[in-house]
Amino acid sequence: MPHSRNEILEKVYSAQTDHERRDAYDKWADSYDRDVTGFGIQLPYVSAAVFARHVPLGTEPVLDAACGTGMHTLPLALMGYTGFHGIDISAAMLAQAEAKQIYDDLSPMALGRPLNLPDNHFEVTYCIGALAHGHAPPESLDELIRVTKPDGLIIWSTHAHRNERTKVFHDYRQSLSKAGSWEPVFETESFISMPDGDPGIQHAIYVHRVIS
Ligand SMILES: C[S@@+](CC[C@H](N)C(=O)[O-])C[C@H]1O[C@@H](n2cnc3c(N)ncnc32)[C@H](O)[C@@H]1O
């Protein structure tokens, strides 16, 4: 069964290996911002609003995990937030992010594998649009927790429409709460995140506080 009837989205959601993910986004990078703007993307607005409600200005460093072109982080930079460190699997997406001049540094790194980042380092970890099939697996959250300071926040999104492909992310989210690794602080209502791209795709944005 296809993941999306949208041809561009289907290419990225159906990637099965890191090589395929990198390749799909490397090929999409030049037109990504234009295409998702055409899809009516809501994530940058909603995620920036959630971030601004929970993170005081001046809080840094911030890990922007799967930062892409940085389009969801640009509103935060314009509001005065600083100290962004971006990682992404796609060098071409990182090059687009670099052009926005809002990051302290940008490095190629794959979620779902051990991250070359220190323990308990980031005040906030921000991960939007990446915890999804074809992208970063649920277990990526373990590494995001490891690199975030105790009491630091993880602000992240996943698909909110429920099916067998999205359920694993919700099961994992709840298992981390049960294990005492993090606690839920806030979650948005579900919203259609790309109304003109694929109205069947919903997202929610979550805020979790790291416990250990
Ligand atoms: C939908 S885009 C979102 C980008 C950005 N966070 C935003 O909200 O605008 C997904 C991004 O995740 C990256 N990505 C996909 N799988 C990844 C993985 N396993 N590790 C790191 N980055 C990944 C892609 O290269 C792409 O830049």
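Sorted by class, the residues of the shell around the ligand are twelve nonpolar, five polar and two charged. The model is a predicted one. The shell holds 19 residues, and those that come nearest to the ligand are Ala 66, His 72, Asp 88, Leu 111 and Ile 128. Two secondary-structure elements, α2 (18-28) and β4 (122-131), each supply at least two residues of this shell.

| Residue | Protein atom | Ligand atom | Distance |
|---|---|---|---|
| Ala 66 | polar backbone atom | nitrogen | 2.7 Å |
| Asp 88 | polar side-chain atom | oxygen | 2.6 Å |
| Ile 89 | polar backbone atom | nitrogen | 3.2 Å |

The ligand taken alone exposes 600 Å², and the protein buries 95% of that area. As for its location, the ligand sits in the largest cavity.

The largest pocket is described next. Its volume is about 250 Å³. The lining of the largest pocket consists of 14 residues. Those nearest the centre of the pocket are Pro 2, His 3, Ser 4, Arg 5 and Asp 198. By class, this lining has seven polar, four nonpolar and three charged residues.

To set the two sites side by side: the shell around the ligand has twelve nonpolar residues, while the lining of the largest pocket has four. Polar residues number five in the ligand shell and seven in the pocket lining.

Terms used
Residues numbered from 1 in each chain as written. Predicted model: local features only at pLDDT ≥ 70, side-chain atom pairs only at ≥ 80, totals over all residues. Heavy atoms only, no water. Near = heavy atom within 4 Å. Polar contact = N/O pair within 3.5 Å; in protein donor to acceptor, adjacent residues only side chain to side chain. Areas by Shrake-Rupley, 256 points an atom, 1.4 Å probe, with all protein chains shown as cover. 1 Å grid on protein atoms, 1.4 Å probe; cavity = no way out; pocket = protein on both sides within 12 Å on 5 of 7 lines; lining within 4 Å. Sits in = over half its atoms within 2 Å of the grid points. Helix = DSSP H or I, 4+ residues; strand = E, 2+ residues; numbered from the N terminus. Nonpolar A, V, L, I, M, F, W, Y, C, P; charged D, E, K, R; others polar. Points joined across faces, edges and corners; volume = space filled by probe spheres on them.
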